[in-house]
Amino acid sequence: MNLRTKFILWTGTLIVVIITLTSALIFDQGKKALKDERGLRGISLAKHLMGLSREPLLLKDDLALHSLVGDIVKNEPDVVYAYVGDLAGKRVFLATSLENRDALFKEILSIKPSGSEKVALQRLEAPYFSDIVDFSIGIAAQKKTLGVAHIGISEKGIKAALAKIRRKIVPFSLLSIVFFVFLAFGLITLAVRPIGYLSSRALAVGEGDLETPIFLKQRDELGHLANSLDWMVKKLRQAHDERIEKEKLKKEMDIARQIQQRLLPRNIPEVEGIEFAALFEPAQEIGGDFYDIFPIDEKRLGFAIGDVAGKSISGALLMVLVRTLLRAEALDGKDPKEVLARLNNFLRAELAEDRRRFVTLQYNVLDIKARSITCTSAGHPPPIFMSASEKTIKPVHAKGIALGVIEDDHFSRALVEKKVKLDPGDALILYTDGITDVAYSKKGGFGEEGLIKSLNNCHAKKAHDILSCVKHDLKSYAGTLAIEDDLTMLLIKGK
Amino acid sequence: MENLTVTSKSDPRGIIILKVSGFVDASNINRFDEELYSHIKRGTAKIVVDCSDLQYINSMGMGILLEARQLAAKRNGDVVILNLPKKISKVFEILGFNEIFKLYTSEEEALKAF
């Protein structure tokens, strides 16, 4: 049973009960008033008759008595008989409008007079006189009872009056009930309608509609409820949007990460007398590092490390572009400086709309036979060369501006390449600023110094072990601090 | 999350001296961006970025400086750098940005650049 029906049933029942009780009360009051009036009238008429008949009774004026009772019956409505008689019942005067005069006479005689000056009331006993009330009073003079006076008043008048009241009050009550029930129906429908609205809105919200606003143009509790619901839905929508945005971002990050991982070379070329090792630990969120190793021709091998500013998918795509261009230009046989200049040229055009992005790249070419490495850099941290014979560990400062930043002439002018010879035991380590910036804000960063210090301890190890060693030192430097960027290192070592 | 404060003053010729102190990192990069661009948007294309108290700037921050320099140049202005601390100076050198930005060690000199 819905709320509206419930309310209407309750209210309807209440209305019926109230109106019925009120009508009954009014009816009852009316009845009582009529009866009281009749009683007073009977008493006063009885006294009146008693007063007027005392003298004629004493004087034995039969004519006066006769007309006295006759007048009363004739003139007073509802009075069905008037009687005056002596105690012996020998001189009696009865005027009546009733038919059964003898029976009435008997009835009257059977009523014992009260004897005092008080009027006695008594209903006649015979069934056909049942609605007649007798008012009797003794007639006395000088403390001596002369006789008795009776007045009979029929209740038919009262009954008729009551029937009349009933005829009015019943339809009125019924009409009132119908009217109030309809009114209640209307008002309850109006009052309940917002609840229906709110409930349907709540259902819609449950089914995913977070767009439609919820509003009730009323300032009561339901209005407040509507506002609260609307506020709640707004919050839900925000949370929903945020979650979607987050998921989208996470998905993008995942895709970017996949692209980044797949870009890394799967096979490291085997070159006699040369050992390669790489370490790549992607960051949780950001990171645009990559490295690559590829044979250029039979005599030469290219290897590079880079960092793409701008993360997520666009960063990853830029990374794809850089790697592809790098390989394409390198395999074309150009020398390293030329390769970088070409890359810069492409990226200038590619990033024309996005002037705040750039790519740093450290590109090197190994001449396998001569074991010499030509190092070039486009804005990338310098690699560190470990010389076994000289027992030195120092950065190789090839110079250059980051890719995509400045026009070709300027870029090419700034490029300075360096060469190192990779004798057995020598090693060159390439890295990105993720390594040197570890714990930067709290401890000042691992730095180039930290890296050199670490290499000092472990340069004699095998290529892989050197990287593990550096990584170990890095992690112990960072301690509990989060590592926020990719950790990428590429090592080439002469055997 | 590290602190970044950016204050600005203007010399009589309308050159803005923007003092960037603390850390420019992922957490506050947008604020750094807005502070710098608010001046360029208003038409002030001559900006001296005072880095005396700059402790760190990430690659996005460097990118923002780059773009600001280009936008300023288009309006016959420039973004020049004042008092690079040693550590940040190294970052500029590695990126080759010392070849792009004009670097000064005194405010007077920097203001003469315009």
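Trainee: Where in chain A does Asp78(A) lie?

Mentor: Asp78(A) lies in the loop between H2 and E1 of chain A, and please keep in mind from the start that we are looking at a predicted model.

Trainee: And what's its phi like?

Mentor: Asp78(A) has a positive phi of about 70°, although it is not a glycine. Most residues other than glycine have a negative phi.

Trainee: Is Asp78(A) exposed, partly exposed or buried?

Mentor: It counts as partly exposed, because there are 18 C-beta neighbours inside 10 Å, and a residue needs 20 or more to be called buried.

Trainee: What about Lys391(A), where is that found and what's its phi?

Mentor: Lys391(A) is found in the loop between E11 and strand E12 (392-395) of chain A, and although Lys391(A) is not a glycine either, its phi is positive, at about 55°. Lys391(A) is exposed, since 9 other C-beta atoms lie within 10 Å, and the cut-off for exposed is 12 or fewer.

Trainee: Switching to the sheet, in which order do the five strands come?

Mentor: The five strands of this open sheet in chain A follow the order E2-E1-E5-E4-E3, and the pairing is antiparallel. Strand E2 (92-96) and strand E3 (120-123) are the edge strands, each of which pairs on one side only, and from one strand to the next the twist averages 15°.

Trainee: How many bridges hold for E4 and E5 of chain A?

Mentor: Strand E4 (residues 132-141) and strand E5 (residues 144-154) of chain A pair in the antiparallel sense over 10 bridges, and within that region Ala140(A) stands opposite Thr145(A) in E5(A).

Trainee: Which helices lie across those strands?

Mentor: Helix H1 (residues 3-59) of chain A lies across strand E1 (79-86), E3, E4 and E5, running at about 35° to E4(A), while helix H2 (residues 62-75) of chain A lies across E1 and E2, running at about 160° to E1(A).

Trainee: How does H1(A) pack with H4(A)?

Mentor: H1(A) and helix H4 (residues 156-206) of chain A pack at an angle of about 160°, and their axes are 8 Å apart. The two helices are therefore roughly antiparallel to each other, the term being used for angles over 145 degrees.

Trainee: And what is the handedness of the crossing, and which classes of residue make the contact?

Mentor: The crossing of H1(A) and H4(A) is right-handed, and the contact of H1(A) with H4(A) has 22 nonpolar, eight polar and five charged residues.

Trainee: New topic: how many residues of chain B are in contact with chain A?

Mentor: On the chain B side 16 residues are in contact with 19 residues of chain A. Helix H2 (59-74) and helix H3 (86-95) of chain B each supply at least two residues of that side, with the largest share, seven residues, coming from H2(B). By class, the side of chain B that touches chain A has nine nonpolar, four polar and three charged residues.

Trainee: Which residues is Pro381(A) in contact with, apart from its sequence neighbours?

Mentor: Leaving aside neighbours within four places in sequence, Pro381(A) is in contact with Tyr431(A), Thr432(A), Asp433(A), Thr436(A) and, from the other chain, Ile94(B). Pro381(A) is found in the loop between strand E10 (372-378) and strand E11 (384-387) of chain A, and it counts as buried because 25 other C-beta atoms lie within 10 Å.

Note on methods:
Residues are numbered from 1 along each chain as its sequence is written. Chains are lettered from A and ligands numbered from 1 in the order in which they are written. This is a predicted model: local features need pLDDT of at least 70, side-chain atom pairs count only at pLDDT 80 or more; totals for chains, interfaces and linings use all residues. Two residues are in contact if their C-beta atoms, placed from the backbone, lie within 7 Å. Helices (H or I, at least four residues) and strands (E, at least two) are DSSP runs, numbered from the N terminus. Ala, Val, Leu, Ile, Met, Phe, Trp, Tyr, Cys and Pro count as nonpolar, Asp, Glu, Lys and Arg as charged, and the others, Gly among them, as polar. Two strands pair if DSSP finds at least two bridges between them. Axes are lines fitted to C-alpha atoms, for helices over the stretch in contact, and angles run from 0 to 180 degrees between N-to-C directions. Angles under 35 degrees count as roughly parallel, over 145 as roughly antiparallel, 65 to 115 as roughly perpendicular and the rest as oblique. A crossing is left-handed if the near helix is turned anticlockwise from the far one by less than a right angle, and right-handed if clockwise.
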